[in-house]
Protein chains: 4
Amino acid sequence: MATTEEVTAFISAELPQTKCVVREVGNGGATVSREIGPSDLRPGGTVSGPVLVGVADVALYVALLGEIGIVPLAVTTSLTINFLRKPAANKSIIGVCKLLKVGKVLAVGEVSLYSEGTSEPVAHVVGTYSIPPRAPATAVVAR
Amino acid sequence: MATTEEVTAFISAELPQTKCVVREVGNGGATVSREIGPSDLRPGGTVSGPVLVGVADVALYVALLGEIGIVPLAVTTSLTINFLRKPAANKSIIGVCKLLKVGKVLAVGEVSLYSEGTSEPVAHVVGTYSIPPRAPATAVVAR
Amino acid sequence: MATTEEVTAFISAELPQTKCVVREVGNGGATVSREIGPSDLRPGGTVSGPVLVGVADVALYVALLGEIGIVPLAVTTSLTINFLRKPAANKSIIGVCKLLKVGKVLAVGEVSLYSEGTSEPVAHVVGTYSIPPRAPATAVVAR
Amino acid sequence: MATTEEVTAFISAELPQTKCVVREVGNGGATVSREIGPSDLRPGGTVSGPVLVGVADVALYVALLGEIGIVPLAVTTSLTINFLRKPAANKSIIGVCKLLKVGKVLAVGEVSLYSEGTSEPVAHVVGTYSIPPRAPATAVVAR
């Protein structure tokens, strides 16, 4: 398990270019936020799909790190996004992740994405992470 | 909107061979259950994937009917299932659906599937329904 | 790797109740077929979604066995289906699987489903299988 | 239907900030490419997931425009991505889209994503677009 502070420090170090901020980690979930600027918009003033995917991916990663500790090699293996409503152009996107399963090799979670201050999600994501095998102590020494 | 009784009657008439029972409909969601028998199992005693998909699909349909009224032509357009834990061989499968969006032409919902009496889901589904265009004004009057 | 005959024998033994028949295995793919009867239909004469999911799941499993050999513990971890066209009520469903990746712990494949004799797919599936760790030789002996 | 030139001109006008280049449109599909730079990478030298999603989304949109003509209001409704292999850090990403269905209200397509010059896909996407109702001629005049 890792605290919000540990996860925040790790995300800052490992994903220095991310615009996502960790708000909360724990209890099998996480909340992250990301400010939206002009370069994140599509014509018509909607937030681009890849930006939403990026927020969901970080929310999943953060929730997983909170649960299993700092495991830098966990990688996304699949992700399904449903776009539900037009996001506001001038509000942060909030990603609220709830882990559905954390197994030995796979973790699955869902993320609801909101324009800050609204209660109906703009998109919903289900994603899967692959967790690298944890080496037993002697094997780590042997490496 | 349709009540639990109206939806139950409709499901019995339209899907006479379904083994799913409607437990509750309303508030943008639904709960259905399905008894599991030997023919629903795979070797190893796990409930087959298609059975789980079937329960989720009915839960989505029931929740949607509860929201938009009896619309027999709504059809599933896509469905994503993540298998999370081994279901019990001798317990009913419970599907709890929450609609994420009900638009004019598309509805999206998620379903958590449980072995009855357990609190961790055995599978999670996100599905999309296509809603047929509502009849023009004269037909509406006819209702 | 396993031949069509080996996979057919294994499927008959492990999934005795399946209605799917293996037509071809190899080259990173597989073709299976399944006869459709009255109990597989939904009102309106369309093949039920769970039946289509079942055919796709077997096609993926068969293709995977063809590639990695007979590994009975491989299990589906996720599956996404898009329903494209109404299947014929009186034609077999053909599932044509192409594996996209066979890794050490995960395999991913896509399946196009057809009503026999037609060239446009009735549904498209992407599915993921989890592959159990292969025991080293001594461990196999120990079993 | 729209030609490669028409689609290219439209994409340049509607998505001026996209880094995707249309290579080919037609026959129910499309090929797009996108150069990869340092800001597109994640630690470890892999192309970030949202960049891959973005290429797939443009490939789907371009293929759809090629098929139904210039319809600016088509929007992505869902997208499933499976990450298959680590993309090269210094090669363009190529997205090859094949439409599976173009209906009146929904289109479905799949996209294989490659690092340029390699034959095994780095990711696979299935996406759905919602097509706005085409206004009859008089209604267009009335607008």
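Tutor: Begin with a single side chain. R34(D) is buried, at a relative accessible area of 10%. Keep in mind that this is a predicted model.

Student: Which residue forms a salt bridge with R34(D)?

Tutor: First the general idea. Side chains of opposite charge can pair when their charged atoms come close. Here the partner of R34(D) is D40(D), and the closest N and O atoms are 2.9 Å apart.

Student: Is D40(D) buried or exposed?

Tutor: D40(D) counts as buried, at 5% relative accessibility. The cut-off for buried is under 20% relative accessible area.

Student: How many salt bridges are there over all chains?

Tutor: A search of the whole structure finds 16. Look at one in chain C. The side chains of R23(C) and E116(C) meet there, 3.0 Å from N to O.

Student: Which parts does that pair tie together?

Tutor: R23(C) lies in strand β1, residues 20–26 of chain C. E116(C) lies in the loop between β7 (106–115) and β8 (123–130) of chain C. The pair therefore ties together parts that are 93 residues apart in sequence.

Student: How accessible are R23(C) and E116(C)?

Tutor: R23(C) is partly exposed, with a relative accessible area of 41%. E116(C) is also partly exposed, at 33%.

Student: What about R85(C) and E120(C)?

Tutor: Their side chains meet in a salt bridge of 3.4 Å, N to O. This pair links distant parts of the chain, 35 residues apart. R85(C) is in the loop between β5 (75–83) and β6 (93–102) of chain C. E120(C) is in the loop between β7 and β8 of chain C. R85(C) is partly exposed, at 25% relative accessible area. E120(C) counts as partly exposed too, at 46%.

Student: Now for two chains together. What rotation superposes chain A on chain D?

Tutor: A rotation of 180°, with 0.0 Å of shift along its axis and an RMSD of 0.0 Å. That is the relation of a two-fold axis.

Student: Which residue of chain A comes closest to the rotation axis?

Tutor: T80(A) does, with its C-alpha at 2.1 Å.

Student: Why do the copies meet through the same surface?

Tutor: Compare the two sides. The surface is the same because 100% of the interface residues of chain A are also interface residues in chain D. In numbers, 18 residues of chain A are in contact with 18 residues of chain D.

Student: What area is buried between chain A and chain D?

Tutor: The size of an interface is often given as the accessible area lost when the parts come together. Here that area is about 1,600 Å², and carbon and sulfur atoms give 54% of it. In chain A, R42(A), P50(A) and F83(A) lose the most area to chain D. Together they make up 27% of what that side buries.

Student: How many salt bridges and polar contacts are there between chain A and chain D?

Tutor: There are 2 salt bridges. One of them joins the side chains of R42(D) and D57(A), at 3.0 Å from N to O.

Student: Which elements of chain A give two or more residues to the side that touches chain D?

Tutor: They are β3 (41–42), α2 (49–68) and β5 (75–83) of chain A. β5(A) gives the most, with 8 residues. By class, that side of chain A has 8 nonpolar, 7 polar and 3 charged residues.

Note on methods: Residues numbered from 1 in each chain as written. Chains lettered and ligands numbered in written order. Predicted model: local features only at pLDDT ≥ 70, side-chain atom pairs only at ≥ 80, totals over all residues. Heavy atoms only, no water. Least-squares fit on C-alpha atoms with pLDDT ≥ 70 in both. Contact = heavy atoms within 4.5 Å. Salt bridge = Lys/Arg side-chain N within 4 Å of Asp/Glu carboxyl O. Helix = DSSP H or I, 4+ residues; strand = E, 2+ residues; numbered from the N terminus. Buried < 20%, exposed > 50% of the residue type's maximum accessible area, 1.4 Å probe, protein only. Buried area = accessible area lost by both parts, 1.4 Å probe. Nonpolar A, V, L, I, M, F, W, Y, C, P; charged D, E, K, R; others polar.
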